[in-house]
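Reader: Could you walk me through this model with a few questions and answers? I would like to keep the structure open beside the text.

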Amino acid sequence: MKKLLGVTLGIMTALGGFVDLGQIVFTMQAGALFGYGLLWSILLGTAAIIVYMEMCGRVAVVAHEPVFAVVRDRFGFRFGLVVLIASNLLNLATCAAELGGIAIILQLLTGWDEKLLLLIAAIILGMIVFGFKFQWIERAFGLAGVTMTVFAVSAAALHPNWHQLARGLIPTLAHSDTKHALLYWYFAVGIFSALLMEYEVHFYSSGAIEEDWTTRDLGENFAVAGFGSFLGAIITTGLLVLGALVFLPRGIFPNALSTSILAGAFPFAAKALLLALLGTLACLCGAALETALSGAYNVCQFFNLDWGKNLPVKSAPVYTAVWITMITVAFAIGLSGVRPLTLVNISVIFGMVVMPFTYYPILRVAADKNIMGKHVNGLADTIVGIIFLGLITIAASAAIPLMILTQSGEP
Amino acid sequence: MLDLRAVGTVAYLIALLWVSSCARRTSLTRDDLRSKLVSASSYAAELEMFIDRVRQGRVTKLFVQGHATQLEKELKRSAEELDHSTPQAGTEPPFQECRKEVNFLRRELVLLPTLTGNDGALQSEREQIKRSRERLADASSLL
């Protein structure tokens, strides 16, 4: 019974922590432009994150190897360092974007000055990381993020055409003109990448080590990665449906976070809007903390330094210094006036470019019988893993050209 | 180890590119202008929808204030981009219309929070914004 409760809690946490600013923005904009036409991209991204998350968790538990230790061992120090720098710059951009988003939501809730709220948010997040243990941080924000289901409920209440929605599972190859086609593929890559943000997986696999998971917890690893992500994908589908039903018929391209939140409570009254605001706030807070901590995990794992949220500060000084720096620099970026949505665009698209360089080493280790023993990938796991590596590589190659050609998805 | 001079040179070139791109006036092609008109029209449509929500009492006062501030910031950015752009020959009339309407929408957004609870004024504002959206559609048809 206790085990079942633990697994349920883990799934709920994964569900709540699934959505972040990148997903909210890209998915609603895609719905506003193409209706249900990019549902297949959500399906593909969800399957990819399940495969990657499960492998990372399994490698962390069996080989006690977190992601960036694997990257260093497989690519060598110099190239591994380049991947580490790129990954942490993306973490920083994402953290700044989420922090900016938090300030916007707090402004919508309180009416206070946005820059003051940015400072308050940075301080409070820093205090939370400093004062609470890993499990509390992960569970509190993950569970609070479950209120994001209001977006899925709103989408269902607007009575989508289920038949048309199902047709969105097949990619459209015919487009009215080149610009339309480029935008379609830009948003397909954007949604795929936003679902596959690597900080979530690095945080998850580091958490497996923080919480002392053993091979007996591999079932929980599979359940959390699989069901948590699947349920999270339902919320993401809700975002797409809202974009298609609220914005597309009115010719609106949602370019502000507050616009997306407004759609989250569209069929309901002001109380649902409050719920949508609080759900989004929880998700963005969780994502900001995960990116800051992920940056610290990456550095310490790469240089083989002591790390862990549950260690005393004195025992993990570099780890503590890195997450504090991440939050401080993210705050400074936010203060400089860069739009959170611009930052999220950059982090999602460049995130796709970096993804093959962390996915590939994990796939290699997960398929290595000498390291993984009886928990090595089966033939089917390896084939699926290789198929997704191919898809990730194609998306990574197309991401920047599409970003340039569409001017970051300008309709 | 990585060559620090090479890293420094790349950083310098990126900074130089950024500074030069900020300083110069950009030339707006016909497609770029069409995109700006679509964007302005989208903001107008969004404002109409937002006013409907305010009239139905489905948003809090603080949300009205905050959302109006966010949208105004976005429109300010659009207005600044247009101010720093030069239209392609033959596209001046729709370009000027786009600038005019973007600035009109900005002014309306500043006004909106003060009208909460005044249904007549909100309805009249919605009508004006609808007309603005129609003017933007007319300008777009000139391209």
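**Two chains, question by question**

Reader: Happy to start in chain B: which residues does Leu47(B) touch, leaving aside residues up to four places away in sequence?

Author: Contact here means that two C-beta atoms, placed from the backbone, lie within 7 Å. Not counting residues up to four places away in sequence, the partners of Leu47(B) are Leu105(B), Glu108(B) and Ile129(B).

Reader: Before we go on, what kind of model is this?

Author: Residues are numbered from 1 along each chain as its sequence is written, and chains are lettered from A and ligands numbered from 1 in the order in which they are written. Local features need pLDDT of at least 70, side-chain atom pairs count only at pLDDT 80 or more, totals for chains, interfaces and linings use all residues, and the model is predicted.

Reader: Back to Leu47(B): does it count as buried or exposed?

Author: Leu47(B) sits in helix H2 of chain B, where helices are DSSP runs of H or I with at least four residues, strands are runs of E with at least two, and both are numbered from the N terminus. A residue is buried if 20 or more other C-beta atoms lie within 10 Å of its own, exposed if 12 or fewer, and partly exposed in between. Because Leu47(B) has 25 C-beta neighbours inside 10 Å, it counts as buried.

Reader: And Asp138(B), buried or exposed?

Author: Asp138(B) lies in helix H5 (residues 119–141) of chain B. Its C-alpha atom is 10.0 Å from that of Leu37(B), 101 residues apart along the chain. With 12 C-beta neighbours inside 10 Å, Asp138(B) counts as exposed.

Reader: In what order do the elements of chain B run?

Author: Chain B has five helices and two strands. From the N terminus on, the order is α-β-α-α-β-α-α.

Reader: Which helix of chain B gives the largest share of the side that touches chain A?

Author: The contact takes 20 residues from chain B and 20 residues from chain A. On the chain B side, helix H2 (30–55) and helix H3 (61–83) each supply at least two residues. The largest share, nine residues, comes from H2(B).

Reader: Turning to chain A, how does its radius of gyration compare with the globule rule?

Author: Chain A has 18 helices and zero strands. The radius of gyration is taken over C-alpha atoms, and the globule rule is 2.2 Å times the number of residues to the power 0.38. For 411 residues the rule gives 22 Å and chain A is close to that, so it is as compact as a globular protein of that length, with a radius of gyration of 20 Å.
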